Amino acid sequence: MDGQYVAYRFFRVRPEWRRLPVEERAAGKDAFADVVETWGERMDGLRSYSVTGIRPDADFFLWAITPRYDDLGELGADLNATPLAAWLDTPYSYLA
């Protein structure tokens, strides 16, 4: 079947993460951003948006568009392999 899968995955950074050393936080953010950048080249669209100050239960979200459903699971696995993932909660995740 031809078409696209569109996913919205919201993230909240745990408050304890802000107490980590600056270098550790920077390394986690860089690793997460590298995964997003790499996958952004493979998908029809992958964008990040801040919702800080808009939603009290989330800090940012990723909007992913791909023709392959498996891409979404593989992206999630790669993101979960980053150091930042240990400090993230996912209050919402939508798939269309």
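The following paragraphs lead from the overall fold of this protein chain to one of its helices and then to a single tyrosine.

The model is a predicted one. Its protein chain contains two helices and five strands, and along the sequence these elements follow the pattern β-α-β-β-α-β-β. The radius of gyration is 14 Å, close to the 12 Å that the globule rule gives for 96 residues, so the chain is as compact as a globular protein of that length. Taken along the principal axes, the C-alpha atoms fill a box of roughly 45 × 25 × 15 Å.

Several totals describe how the chain is packed. Of its 96 residues, 35% count as buried. Among contacts between residues at least 6 apart in sequence, 72% join residues at least 24 apart. The accessible surface comes to about 6100 Å², and 53% of this surface belongs to carbon and sulfur atoms.

Within helix 2, the residues Asp71, Leu72, Leu75, Gly76 and Leu79 are buried. They cover an arc of only 135° around the axis, which puts them on the same side of helix 2.

Attention now turns to Tyr92, which is located in the loop between strand 4 (88–89) and strand 5. When its neighbours within four places in sequence are left aside, Tyr92 is in contact with Tyr8, Arg9, Phe10, Arg55 and Asp57.

Two of these partners also make polar contacts with Tyr92 through their side chains. The side chain of Arg55 makes such a contact with the side chain of Tyr92 at 3.3 Å, while the side chains of Asp57 and Tyr92 are joined by a polar contact of 2.5 Å. As a further point of orientation, Arg18 is 74 residues from Tyr92 in sequence, and their C-alpha atoms are 22 Å apart in space.

Technical notes: Residues are numbered from 1 along each chain as its sequence is written. This is a predicted model: local features need pLDDT of at least 70, side-chain atom pairs count only at pLDDT 80 or more; totals for chains, interfaces and linings use all residues. Side-chain values use heavy atoms; hydrogens and water are left out. Buried means under 20% relative accessible area, exposed over 50%, partly exposed in between (1.4 Å probe, protein chains only). Helices (H or I, at least four residues) and strands (E, at least two) are DSSP runs, numbered from the N terminus. The arc is that of the directions from the helix axis to the C-beta atoms. Contact means heavy atoms within 4.5 Å. A polar contact is a pair of N or O atoms within 3.5 Å; within protein, one must be able to donate a hydrogen and the other to accept it, and residues adjacent in sequence count only if both atoms are side-chain atoms. The radius of gyration is taken over C-alpha atoms; the globule rule is 2.2 Å times the number of residues to the power 0.38. Accessible areas come from the Shrake-Rupley method with a 1.4 Å probe; for residues, only the protein chains shown count as cover.
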